[in-house]
Amino acid sequence: MFCPKCGKADQSPETFCRQCGVFLPDLEKPGKQPIRPEEHVTANLVLSAMTIVASLILAVLLYLRFGYRENTPALIYLTIGILIAIGAWHIQAVWRSLMLKKHFKKNKRSEPPELDGKSEIINAKSLAQPDLEHFVPASVTDRTTKHLSETKLKSSKPKH
């Protein structure tokens, strides 16, 4: 499979391009459209926002209910601290999700139009020309044992 954005060959569907990082949906499955990463970010954003609201409201309610009493167990204060930490953690998760959503919007503007489920539409002019002069073999061990057949191997015979 070719990447529709940069033209890099030998890509796997349902992954990200190894060169430009764009998501590569499986175009062979016309009935099932994959969930794009942007949709995951939106879902995480909503769930994190709900967690922030719930944890901070619970922390405030616990503090208002038990915070002013003399015999308040230390476990209540520990619970309030954990709820505040959960809220703070999800605040940074919302911040990162917003940055990621902004990144996806920026990349969406530079993407070519959709391929309508057919990978054959990619124009050969849009693909990078192969560099055959600097071709790297599939394996680093290819053609490395050529010199062994040219030299005679001397075997050591045990002395009697």
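**View 1. P13 lies in the segment before strand β1 (15-16).** Strands (E, at least two residues) and helices (H or I, at least four residues) are DSSP runs, numbered from the N terminus. The model is a predicted one, in which local features need pLDDT of at least 70, side-chain atom pairs count only at pLDDT 80 or more, and totals for chains, interfaces and linings use all residues. Residues are numbered from 1 along each chain as its sequence is written, and side-chain values use heavy atoms, with hydrogens and water left out. P13 has a relative accessible area of 37% and is therefore partly exposed; buried means under 20%, exposed over 50%, and partly exposed in between (1.4 Å probe, protein chains only).

**View 2. The protein chain comprises 3 helices and 2 strands.** Their order from the N terminus is β-β-α-α-α. Of the 160 residues in the chain, 19% are buried. A contact is defined as heavy atoms within 4.5 Å. Among contacts with a separation of 6 or more, 43% join residues 24 or more positions apart.

**View 3. Helix α1 covers residues 37-66.** Its 30 residues reach 43 Å from the first C-alpha to the last, close to the 44 Å expected at 1.5 Å a residue. The expected span is 1.5 Å times one less than the number of residues. The buried positions in α1 are P37, V41, L45, S48, I52, S55, A59 and L62. At R65, the charged end sits over the ring of F66, 5.3 Å from the ring centre. The criterion for such a placement is NZ of Lys or CZ of Arg within 6 Å of the ring centre and within 35 degrees of the ring normal.

**View 4. The largest nonpolar core has 5 residues: A59, L62, I76, I80 and L83.** Helices α1 and α2 (74-110) each supply at least two residues of this core, and α2 gives the most, with 3 residues. A nonpolar core is a set of buried Ala, Val, Leu, Ile, Met, Phe, Trp, Tyr and Cys residues joined through side-chain atoms within 4.5 Å. Not counting residues up to four places away in sequence, I80 touches A59, L62 and Y63.

**View 5. I84 is located in helix α2.** Because its relative accessible area is 45%, I84 counts as partly exposed. Beyond its neighbours within four places in sequence, I84 is in contact with L56 and A59. I84 and L56 are 28 residues apart in sequence, and their C-alpha atoms are 6.0 Å apart.

**View 6. L100 is also a residue of helix α2.** Its relative accessibility is 38%, so L100 is classed as partly exposed. A C-alpha distance of 8.5 Å separates L100 from E38, 62 residues away along the chain.

**View 7. Model confidence has a mean pLDDT of 76 over the protein chain.** pLDDT is the predictor's confidence in each residue, from 0 to 100. A value of 70 or more is reached by 64% of the residues. Confidence is highest in α1, at a mean of 91, and lowest in helix α3 (residues 146-150), at 58. Over residues 115-119 pLDDT stays under 50, and the model has 8 contacts beyond four places in sequence for this stretch.
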